[in-house]
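Let us walk through a protein model one part at a time. Keep the structure in view and find each part as it comes up.

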Amino acid sequence: YLIEQFATNAGKKGGEFYTPAEVSVLLAKLLQPKEGDRICDPACGSGSLLIKVAKEIGSKNFALYGQESNKNTWSLCMMNMFLHGLDVTETNIKNSDTINDPQLLEVDHLMKFDIVAANPPFSLDKWGAESATEDRHKRFWRGVPPKSKGDYAFITHMIETAQEDTGKVGVIVPHGVLFRGSSEGRIRQHLIEKDNLLDAVIGLPSNLFFGTGIPAAILIFDKARKAKKKKTVLFIDASQKGDYEEGKKQNKLRAGDIEKVLKAYKANKTIDKYAYKAKLEEIAENDYNLNIPRYVDTFEEEEEIDITQTQTEIQ
């Protein structure tokens, strides 16, 4: 608890933000890790998300890996792992820039993982676009994200490090990732149309995070979709009133709210005013725009006004 509070305060000063525990729990449960999995967070911060994913397994038969660029935050992560009784060393958790200096390698290739989960910095400026075309691991073959917004740099890295045919990726992103155009639009289209990797888009309430009030979303990518022959993407809108607990300074996901999202994701079907199972053709018709209101209709019709009755009341 003290480490999480310290990470929260340090993050505020550094322009970063700590992932609330309930959001980490939701992402961990969505990814459904299993025994024997190799799990990675390439922007691991103080390690809270990695720990939540590990706890979902129910045994110690797993391997954790991560990378964090901030030296102080990396130290907190190592301490956090120790306090939670996890067998993690400096070999597993690297202190370096994931995008410009990925250090989780096997020989000279990127290490592959069964589960890749992260809450990377939102729209990171100056993330290293100028050297992306010369990336020795060729991660940006789908396109180079804009230099002022590094969201798709992290997404691309995560997908490239997920095990072929079986790996799952869960990433927390700002809503701009869902609809921004130019190079981001082209990368998004490639991931959906040619790769068929996107499995779900889940909208979260605003004001959940400590360092920012903007709403976020969770993207789930699944490399097993090809074998499953899936041709749909599930959209869930968990941002409406009643789907979270309102607070004066910060909103919160309750256990029931988390369970509602998980139930909808596992059911993988349209639920009125909450979830929509979209065919890939529909997404193509929307120019690969993933803005959730395009798919999930949450509009509530207002009761029709009786003008005559209203005039009588006014009189």
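A polar contact is a pair of N or O atoms within 3.5 Å; within protein, one of them must be able to donate a hydrogen and the other to accept it. The model is predicted. Go to helix α11, residues 307-314. How many of the 8 residues of α11 are buried? The count is 0, so this helix is hardly covered.

Now turn to the sheet. Strands of a sheet pair through backbone hydrogen bonds, either parallel or antiparallel. Here 9 strands form an open sheet with mixed pairing. The order is β3-β2-β1-β6-β7-β9-β8-β10-β11. Which strands stand at the edges? They are β3 (93-94) and β11 (275-279). Each has a single partner strand, so one side of each is left without a neighbour in the sheet.

Strand β2, residues 63-67, runs parallel to β3, and 2 bridges join them. Q67 stands opposite K94 in β3. Next comes β1, which is parallel to β2 and joined to it by 4 bridges. There D41 stands opposite G66 in β2. How does the chain get from β1 to β2? Helix α3 lies on the way, and the three make a right-handed β-α-β unit.

One more step brings us to β6. Strand β1 (residues 38-41) pairs with β6 in the parallel sense, over 2 bridges. C40 stands opposite V116 in β6. On the other pairing, 4 bridges join β6 to strand β7 (residues 168-174), and these two strands also run parallel. A118 stands opposite V171 in β7. The chain crosses from β6 through helix α5 (residues 151-160) to β7, and this β-α-β crossover is right-handed.

Stay with β6 and look at its side chains. In a regular strand the side chains alternate between the two faces of the sheet. Strand β6 covers residues 115-118. I115 and A117 point one way, while V116 and A118 point the other way. All four are buried.

The largest nonpolar core has 47 residues. Which of them touch the most other members? They are L26, L30, L64, I218 and I236. Several elements each supply at least two residues of this core, among them β6, β8 (198-203), β9 (216-222) and β10 (232-237). Helix α2 gives the most, with 6 residues. Take I236 as one example. Leaving aside neighbours within four places in sequence, I236 is in contact with V201, I202, G203, V261, A264, Y265, Y274, A275 and I292. A second, separate core has 36 residues, including M111, I187, A278 and Y288.

Next, check the cysteines. The structure holds 0 disulfides. C44 is in none, and the nearest cysteine sulfur, that of C77, is 4.0 Å away. C44 counts as buried because its relative accessibility is 5%, and the cut-off is under 20%. C77, at 0%, also counts as buried.

Finish with two loop residues. K223 is in the loop between β9 and α8 (225-228). Is K223 buried or exposed? With a relative accessible area of 12%, K223 is buried. A polar atom of its side chain lies 2.7 Å from the backbone oxygen of I159. The K223 side chain also makes a polar contact with the side chain of E164, at 3.1 Å. Beyond residues up to four places away in sequence, K223 touches I159, A162, Q163, E164, D165, T166, G167 and L197.

The other residue is Y244, found in the loop between β10 and α9. At 11% relative accessibility, Y244 counts as buried. Y244 and S206 are 38 residues apart along the chain, and their C-alpha atoms are separated by 9.9 Å. With neighbours within four places in sequence left aside, the contacts of Y244 include P205, N251, L253 and D257.

How values were computed: Residues numbered from 1 in each chain as written. Predicted model: local features only at pLDDT ≥ 70, side-chain atom pairs only at ≥ 80, totals over all residues. Heavy atoms only, no water. Disulfide = S-S within 2.5 Å. Buried < 20%, exposed > 50% of the residue type's maximum accessible area, 1.4 Å probe, protein only. Pairing = 2+ DSSP bridges. Right-handed = clockwise from strand over helix to strand, strands pointing away. Core = buried A, V, L, I, M, F, W, Y, C linked by side-chain atoms within 4.5 Å. Contact = heavy atoms within 4.5 Å.
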